[in-house]
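Please look over the sequence and the structure before reading on.

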Amino acid sequence: MPIIGSGDQRNEPTAILAAVLNSAVDWMDRGLPLEILKIVIKEGNPTADLIATFDQFAARGRLNAKVLQTAAADQQAANAKFDVFISYSHSDQGIARAAVDSLKKSNPNLVVFIDKAGLREGSQWLMGLARSLDASSRVMTLYSKEYWSSTYCQLEFQAAFVRQMKIKKPVLFPVFLSNAEIPTMFELLQYNDCRVNDHKKLAAACDRLANELGRRAGGQE
């Protein structure tokens with residue numbers, strides 16, 4: 001739409017088009033569910049110049065966002081250091097340990113990260129946590145009232161959510177431990193209902209995740 005009146009505003013239509021295309025693809029890269037961008041050109045605008053600008057933009061690879069995202073996701077999976085990152089409130093430490101035990105019981109080969117046990121002594125805690133989060137194939141988030149009131153839990157969740165939107169592949173594996181108010185934006189994410197702190201349901205959820213990761217490792221995705 002900005003291109004329609006760009007000439008009237010004494011702006012170069014080709015510059016406006018380039019800005020619109022860059023912004024649109026950047027937002028799609030960040031997860032905006034935008035599949036079609038309609039460009040309207042006012043009669044009398046230099047159509048040939050605008051088409052040339054579009055072609056130059058495409059030639060630079062900016063319109064191959066989905067291809068690049070898929071390649072990035074595959075590379076990230078290949079570089080994964082951990083199979084599962086456990087994101088939990090320390091008030092739920094007991095059941096978080098139970099989740100680790102269940103995952104390992106279902107698949108002893110899984111590499112599971114849980115903080116304090118996974119970080120080396122003397123490392124910068126927050127940076128180590130961030131790197132471990134990025135190096136994990138899946139992030140199991142243990143929902144509880146305390147989880148959603150914890151700043152660090154929120155940061156872990158948001159980081160995993162952004163990565164999931166960016167690579168277009170599942171990262172989050174939410175587990176609902178106890179009743180909690182979830183931000184509306186995230187209510188539609190599919191979760192495993194293990195309320196209230198039901199260890200049998202948690203073990204079943206861990207078994208599903210372990211089997212899923214086992215299939216991926218075996219090339220049966």
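The model is a predicted one. Its chain contains 8 helices and 5 strands, and 38% of its 221 residues are buried.

**Overall make-up**

- Read from the N terminus, the elements follow the order α-α-α-β-α-β-α-β-α-α-β-β-α.
- Of the contacts between residues at least 6 apart in sequence, 68% connect residues that are at least 24 apart.
- The chain exposes about 13400 Å² of surface, and carbon and sulfur atoms supply 53% of that area.

**Helix α7**

- Helix α7 covers residues 151-167, which is 17 residues.
- At 1.5 Å a residue, α7 should span 24 Å, and this agrees with its end C-alpha atoms, which are 24 Å apart.
- The buried residues of α7 are Cys-153, Glu-156, Phe-157, Ala-160, Phe-161, Arg-163, Gln-164 and Ile-167.
- Viewed down the axis of α7, these buried residues fall within an arc of 165°, so they line one face of the helix.
- Thr-151, Val-162 and Lys-166 are exposed, and they sit on the face of α7 that is turned away from the buried side.
- Lys-168 follows α7 and has a positive phi, near 60°.

**Helix α4**

- Helix α4 consists of 14 residues, numbered 93-106.
- Within α4, the residues Ile-95, Ala-96, Ala-98, Ala-99, Val-100, Ser-102 and Leu-103 are buried.

**Aromatic rings**

- The structure contains 13 aromatic pairs.
- One of them joins Trp-148 and Phe-157 in an edge-to-face arrangement, with 5.0 Å from centre to centre and 65° between the planes.
- Trp-148 and Phe-157 are both buried, and Phe-157 is one of the buried residues of α7.
- A single aromatic cluster is formed by Tyr-143, Tyr-147, Trp-148, Phe-157, Phe-161, Phe-176, Phe-186 and Tyr-191.
- Phe-161, a member of this cluster, is likewise among the buried residues of α7.
- Phe-176 also belongs to the cluster, and Arg-195 lies over the face of its ring, 4.2 Å from the ring centre.

Note on methods: Residues are numbered from 1 along each chain as its sequence is written. This is a predicted model: local features need pLDDT of at least 70, side-chain atom pairs count only at pLDDT 80 or more; totals for chains, interfaces and linings use all residues. Side-chain values use heavy atoms; hydrogens and water are left out. Helices (H or I, at least four residues) and strands (E, at least two) are DSSP runs, numbered from the N terminus. The expected span of a helix is 1.5 Å times one less than its number of residues. Buried means under 20% relative accessible area, exposed over 50%, partly exposed in between (1.4 Å probe, protein chains only). The arc is that of the directions from the helix axis to the C-beta atoms. Rings of Phe, Tyr and Trp (its six-membered ring) pair if their centres lie within 6.5 Å; planes under 30 degrees apart count as stacked, over 60 as edge-to-face and the rest as tilted. A charge sits over a ring if NZ of Lys or CZ of Arg is within 6 Å of the ring centre and within 35 degrees of the ring normal. Contact means heavy atoms within 4.5 Å. Accessible areas come from the Shrake-Rupley method with a 1.4 Å probe; for residues, only the protein chains shown count as cover.
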